[in-house]
Amino acid sequence: MSEYKYATLAVHAGQQPDPQTGAVNVPVYLTSTFELTGVGTDKGWDYSRAGNPTRARLEEALTALEGGTCGHAFSSGMAAITALVSPLHAGDHLICSQNVYGGTARLLDRVIQHFGIEIEYVDLTDLDLLKKSIKANTKLVHVETPTNPLMQLTDIAAVAEVVHKAGVEVSVDNTFMSPALQSPIALGADIVMHSTTKFLNGHSDGLGGALIGTKPEHKDRFLLMQKAMGGILSPFECFLVLRGIKTLPLRMKQHEENGRAVAAFLAKHAKVQKIFYPGLETHPQHELAKRQQKGFGSMMTLELGSREAVDRFLKSVKIFLNAESLGGVESLASHSATSTHAALTEEQRLKIGITQGLVRLSVGIEDKDDLIADLSQALDHV
Ligand SMILES: *Cc1c(COP(=O)(O)O)cnc(C)c1O
């Protein structure tokens with residue numbers, strides 16, 4: 001399969017016809033258990049927490065799309081991050097991007113830290129600081145790029161080079177870009193993490209998460225986490241993600257086209273005080289985005305000046321829905337401070353630049369002229 005180009009992989013990797021019946025679509029194996037062939041012998045399956053044929057197909061597809069050697073599907077992005085950090089032991093040190101998804105920080109600070117794991121948030125754009133932060137007990141450096149909601153980039157290849165010299169692994173949360181627009185493993189990452197809830201599923205109809213590894217020990221490690229912790233993705237939701245993946249390259253093309261058009265419109269609008277979008281030449285890391293990503297995506301964040309301005313904007317949009325999440329076919333807008341970053345205190349939010357005036361857009365695949373007209377009339381109410 002790996003000899004094929006991306007759009008072919010999206011349709012065919014893990015999606016070969018069912019060997020038993022020839023069914024063109026992957027069957028949904030709604031079974032918790034499997035009949036064994038004897039004592040201690042089976043047809044490759046024994047219990048669906050350990051493995052399910054529908055899940056195995058999705059895991060195969062994800063492995064191919066990210067260019068890894070193993071893939072593991074979890075019940076949500078958070079379940080995937082939990083499985084990523086749970087193999088750490090008390091006394092281990094974990095370095096995390098300073099500006100991560102609020103749920104990641106909540107998990108690390110309010111749960112994982114209790115197990116005696118040392119968590120340190122580091123500005124990964126500062127490679128000297130990163131070098132100084134790596135200690136003898138550092139086991140993992142977790143990168144999120146671009147970050148939510150300020151769209152700050154981390155140079156994955158540069159971070160991997162520094163971190164690998166110290167014998168430490170790098171994981172990358174690739175949710176915002178999707179495998180269509182960014183390939184962390186090709187840039188040197190050891191592990192890729194996804195919330196499949198977003199672009200991979202693409203239709204806002206199911207949560208899911210994934211870890212894609214590059215070493216035989218990753219397979220053993222993440223399989224153990226699936227079996228021991230149990231946060232696996234159900235067969236039906238595996239089917240939904242498989243179905244979503246088939247149109248990922250096509251959807252990402254439209255997301256990209258719409259994202260660029262919307263950003264160009266907003267960048268010139270008087271009511272928009274600031275816009276954070278790596279596709280604009282004014283973005284401080286535009287050159288890195290061009291080098292590291294295969295596109296700029298459709299995620300962007302605006303500064304409207306105050307919580308009241310955001311409230312008026314969100315009450316006025318008609319196509320954009322005031323909802324959390326991202327990466328679906330429909331356009332969404334959300335107030336970062338009270339949604340994705342609600343778990344932080346106001347002081348913590350301000351420290352990482354999340355003001356009350358920020359509104360994040362996930363630009364969908366509707367007609368871009370309609371989207372721009374909608375944003376224009378909503379901004380008139382601000
Ligand atoms: C949504 C999201 C997550 C968490 O995923 P869930 O599927 O909601 O559990 C993690 N990281 C990023 C960047 C996300 O956008």
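This is a predicted model: local features need pLDDT of at least 70, side-chain atom pairs count only at pLDDT 80 or more; totals for chains, interfaces and linings use all residues.
Mentor: Residues are numbered from 1 along each chain as its sequence is written, and side-chain values use heavy atoms, with hydrogens and water left out.

Trainee: What makes residues 235–246 helix α9?

Mentor: Helices are DSSP runs of H or I with at least four residues, numbered from the N terminus. Helix α9 has 12 residues, so it qualifies.

Trainee: How do you know what span to expect for α9?

Mentor: Take 1.5 Å times one less than the number of residues. For α9 the expected value is 16 Å, and its first and last C-alpha are 17 Å apart, which is close.

Trainee: Why is S178 called buried?

Mentor: Buried means under 20% relative accessible area, exposed over 50%, and partly exposed in between (1.4 Å probe, protein chains only). S178 has 1% relative accessibility, so it counts as buried.

Trainee: And why is S325 called partly exposed?

Mentor: Because its relative accessible area is 27%, in between the two cut-offs. S325 sits in the loop between β10 and β11.

Trainee: What makes the phi of S325 worth a remark?

Mentor: Most residues other than glycine have a negative phi. S325 is not a glycine, yet its phi is positive, about 80°. S178, in helix α7, also has a positive phi, about 70°.

Key: Helices (H or I, at least four residues) and strands (E, at least two) are DSSP runs, numbered from the N terminus.
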